[in-house]
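Please look over the model below before reading the numbered points. Each point takes up one part of the chain or one ligand.

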Amino acid sequence: MTTHTPASVRVRAPGKINVFLEVGDVQDDGYHELATAFQAVSLYEEMTATPADDISLEVSSRGPVDIDGVPTDDRNLAIRAARLLAQTAGVDRGAHLLIRKAVPVAGGMGGGSADAAAALVACDALWGLGMPMSELSRMAARLGADVPFALMGGTAVGTGRGDELSPALARGRFDWVLVPNDVGMSTPVVYGELDAHRERHAVDIGPAPRVPAVDPDVLHALRQGDAKMLAATLRNDLQAAALHLRPDLARVLERGESSGALAGLVSGSGPTLAFLATDEASAIDLQVTLSAAGLVALHVHGPVPGARVV
Ligand SMILES: C[C@@](CO)(OP(=O)(O)O)[C@H](O)COP(=O)(O)OP(=O)(O)OC[C@H]1O[C@@H](n2ccc(N)nc2=O)[C@H](O)[C@@H]1O
Ligand SMILES: Nc1ncnc2c1ncn2[C@@H]1O[C@H](COP(=O)(O)OP(=O)(O)O)[C@@H](O)[C@H]1O
């Protein structure tokens with residue numbers, strides 16, 4: 001039997017916002033137990049995969065994304081994803097991956113995770129493997145805590161390391177304005193700062209939540225499609241740590257909140273800030289106001305699907 005090899009496969013994978021993130025204690029493996037509500041948003045990484053003898057990668061930028069910090073060797077999550085898929089499926093095939101990045105690098109929006117999810121979907125199609133989603137998801141979790149969500153997309157609750165997913169109902173759409181920052185932040189450093197902060201203030205703030213859980217009010221607001229209700233429940237346990245490391249972000253957060261946003265928060269481990277707007281028109285107003293103040297401001301919406309062939 002001959003396998004038909006497409007000339008190329010194009011995949012799109014979304015960045016994410018954590019609309020809720022409760023962080024528990026650090027475990028023996030260095031990971032924190034957490035409970036998060038993810039929403040995939042309409043800021044997409046694009047990947048084109050073409051047949052090749054080896055697995056190789058090229059990274060370019062869509063829009064204002066600075067790709068200087070992105071490795072193109074085996075440290076890149078997309079390369080690792082392609083290799084893991086080839087190894088798991090037992091195929092001796094190659095692919096040239098071209099990533100066009102729109103998600104800020106080290107921005108707290110899961111851009112590298114989106115690239116890994118895109119690579120799994122693209123190579124699965126290019127190599128004609130037809131792997132079940134459950135199998136791709138297992139591989140995704142081995143690549144990074146956020147990769148399974150980039151594959152699934154939509155709105156979902158993540159527990160464990162953030163990789164144990166269950167879909168969450170979300171009605172309608174939520175409009176967000178993102179303010180990226182030129183200087184990225186390291187995820188492990190931000191988690192480390194949270195641990196240090198908790199240790200310093202153990203007496204005042206008490207222990208980390210034993211079993212982190214998503215606030216039911218968040219899930220209710222998502223189900224209702226009610227932006228005002230969601231704004232009142234946004235929470236990110238990494239925010240204080242990120243702001244401690246980067247006090248400059250607090251001013252931008254205040255700026256957005258006083259310019260018409262319902263609420264703002266640090267996305268994941270930062271430094272991207274996400275502002276929730278009442279509706280599309282308010283988001284456009286907010287984007288214009290923040291742009292006029294000299295900030296880069298991007299209007300996106302969620303939820304959107306996970307990594308898909310387009
Ligand atoms: C903070 C979050 C929120 O969604 O996103 P980002 O800000 O990175 O986008 C995630 O927890 C990041 O997930 P991800 O970036 O996939 O993490 P990984 O590559 O698996 O892990 C990088 C490092 O982050 C820390 N880490 C990650 C997840 C977790 N539950 N506990 C942790 O302590 C560990 O130090 C780990 O070595
Ligand atoms: N495909 C990729 N795109 C971006 N960064 C990557 C990729 N693969 C590995 N990395 C490394 O992972 C780090 C964090 O990646 P990224 O996913 O952009 O941010 P975050 O974890 O904050 O969401 C980068 O600084 C880079 O060194």
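1. Helix 2 gives the largest share of the shell around ligand 2, namely 4 residues. Helices (H or I, at least four residues) and strands (E, at least two) are DSSP runs, numbered from the N terminus. The model is predicted, so local features need pLDDT of at least 70 and side-chain atom pairs count only at pLDDT 80 or more, while totals for chains, interfaces and linings use all residues. Residues are numbered from 1 along each chain as its sequence is written, and chains are lettered from A and ligands numbered from 1 in the order in which they are written.

2. Around ligand 2 there are 21 residues, and Leu 77, Ala 106, Gly 111, Gly 112 and Asp 115 come nearest (a residue is near a molecule if its C-beta atom, placed from the backbone, lies within 6 Å of it). Helix 1 (77-89) and helix 2 (111-126) are the elements that give two or more residues to this shell. By class, the shell around ligand 2 has 7 nonpolar, 12 polar and 2 charged residues. Here Ala, Val, Leu, Ile, Met, Phe, Trp, Tyr, Cys and Pro count as nonpolar, Asp, Glu, Lys and Arg as charged, and the others, Gly among them, as polar.

3. Why does ligand 2 lie between domain 1 and domain 2? Both domain 1 (9-168) and domain 2 (174-302) give residues to the shell around ligand 2, so it lies between them. The domain bounds come from an automatic or database domain assignment.

4. Ligand 1 is surrounded by 21 residues, the closest being Gly 144, Asp 146, Pro 188, Gly 268 and Ser 269. Strand 1 (9-26), strand 2 (32-52) and helix 5 (187-200) each supply at least two residues of the shell around ligand 1. Domain 1 and domain 2 each provide at least three residues of the shell around ligand 1.

5. The centres of domain 1 and domain 2, taken over C-alpha atoms, are separated by 22 Å. Their contact takes 33 residues from domain 1 and 42 residues from domain 2 (two residues are in contact if their C-beta atoms, placed from the backbone, lie within 7 Å). On the side of domain 1 that touches domain 2, there are 19 nonpolar, 10 polar and 4 charged residues.

6. UniProt, in an unreviewed entry, lists Lys 16 and Asp 146 for "active site". UniProt positions are given in the numbering used here, feature names are shortened, and annotations may be inferred rather than shown by experiment. The two residues are spread over 131 residues of sequence, yet the largest C-alpha distance is 9.2 Å.

7. Lys 16 has its place in strand 1 and counts as buried because it has 32 C-beta neighbours inside 10 Å. A residue is buried if 20 or more other C-beta atoms lie within 10 Å of its own, exposed if 12 or fewer, and partly exposed in between, with C-beta atoms placed from the backbone. Asp 146 lies in the loop between helix 3 (133-143) and helix 4 (147-152), and Asp 146 counts as buried with 29 such neighbours inside 10 Å.

8. Is Gly 294 buried or exposed? Gly 294 is exposed, because 7 other C-beta atoms lie within 10 Å. Gly 294 is found in the loop between helix 11 (280-292) and strand 11 (298-302).
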